[in-house]
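Me: I would like to go through the labels used for this structure and see what each one rests on. Please set the values against the cut-offs.

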Amino acid sequence: GDGITYKGWEDGVIFAKDRKITLEDTDLDALHKEARAFEAEHGRDKGHGWLLLHPIKKMKLYKEHRDSKPSADLMSSWSGSA
């Protein structure tokens, strides 16, 4: 990835540059903690977290929701065994 830049940060300051962030491979809790530390060092966005923290939280919530639902394969195997 290109990472995330923000007009309120100094030139060249980029969060998560050259990192691939996915629902499957990324520890979203660790990423959120890293984003908070990054904001503490470089400044928080004027949206009070909407640049980094909010999207990471939404990714985590979506992942938890998605992972709590039975998969389509499992559902079809259940319907065939009734």
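Me: What makes the contact between arginine 66 and aspartate 67 a salt bridge?
Reply: This is a predicted model, and in it the side chains of arginine 66 and aspartate 67 come to 3.0 Å, N to O. The cut-off is 4 Å between a side-chain nitrogen of Lys or Arg and a carboxyl oxygen of Asp or Glu, so the pair counts as a salt bridge.

Me: Which residues are joined with these two into one network?
Reply: Salt bridges with shared partners join Glu24, Arg66 and Asp67. The link to glutamate 24 is a salt bridge with arginine 66, whose closest N and O atoms are 2.8 Å apart. Because glutamate 24 sits in the segment before helix 1 and arginine 66 in helix 2, this pair ties together parts 42 residues apart in sequence.

Me: Why is glutamate 24 called exposed, and why is arginine 66 called partly exposed?
Reply: Exposed means over 50% relative accessible area, and glutamate 24 has 56%, so the label holds. Arginine 66 has 28%, which lies between the 20% and 50% limits, so arginine 66 is partly exposed. Aspartate 67, at 48%, also counts as partly exposed.

Me: How many salt bridges does a search of the whole structure find?
Reply: The search finds six. One of them pairs the side chains of glutamate 39 and arginine 44 at 3.6 Å, N to O.

Me: What makes glutamate 39 buried and arginine 44 partly exposed?
Reply: Glutamate 39 has a relative accessible area of 8%; buried means under 20%, so glutamate 39 is buried. Arginine 44 has 46%, a value between 20% and 50%, so arginine 44 is partly exposed.

Me: How do you know that the buried residues of helix 1 line one face?
Reply: The buried residues in helix 1 are Leu28, Leu31, Ala35, Phe38 and Glu39. Seen down the helix axis, they fall within an arc of 100°, so they line one face. An α-helix has 3.6 residues a turn, so residues three or four places apart point the same way. On the other side of helix 1, Lys33, Arg36, Ala40 and Glu41 are exposed. Helix 2 (53–68) is included in what covers the buried residues of helix 1.

Me: How does the span of helix 1 compare with the expected one?
Reply: Helix 1 runs over residues 28–42, 15 residues in total. From its first C-alpha to its last it reaches 20 Å, close to the 21 Å expected at 1.5 Å a residue.

Me: What is found at the start of helix 1, and what follows helix 1?
Reply: At the start, a side-chain oxygen of aspartate 27 comes to within 3.1 Å of the backbone nitrogen of aspartate 29. Helix 1 is followed by glycine 43, which has a positive phi near 110°.

Me: What makes the phi values of alanine 16 and aspartate 18 worth a remark?
Reply: Most residues other than glycine have a negative phi. Alanine 16 is not a glycine, yet its phi is positive, about 60°. Aspartate 18, also a residue other than glycine, has a positive phi near 60°.

Me: Are alanine 16 and aspartate 18 buried or exposed?
Reply: Alanine 16 has 11% relative accessibility, under the 20% limit, so alanine 16 counts as buried. Aspartate 18 has 62%, over the 50% limit, so aspartate 18 is exposed.

Definitions and conventions. Residues are numbered from 1 along each chain as its sequence is written. This is a predicted model: local features need pLDDT of at least 70, side-chain atom pairs count only at pLDDT 80 or more; totals for chains, interfaces and linings use all residues. Side-chain values use heavy atoms; hydrogens and water are left out. Helices (H or I, at least four residues) and strands (E, at least two) are DSSP runs, numbered from the N terminus. The expected span of a helix is 1.5 Å times one less than its number of residues. Buried means under 20% relative accessible area, exposed over 50%, partly exposed in between (1.4 Å probe, protein chains only). The arc is that of the directions from the helix axis to the C-beta atoms. Contact means heavy atoms within 4.5 Å. A polar contact is a pair of N or O atoms within 3.5 Å; within protein, one must be able to donate a hydrogen and the other to accept it, and residues adjacent in sequence count only if both atoms are side-chain atoms.
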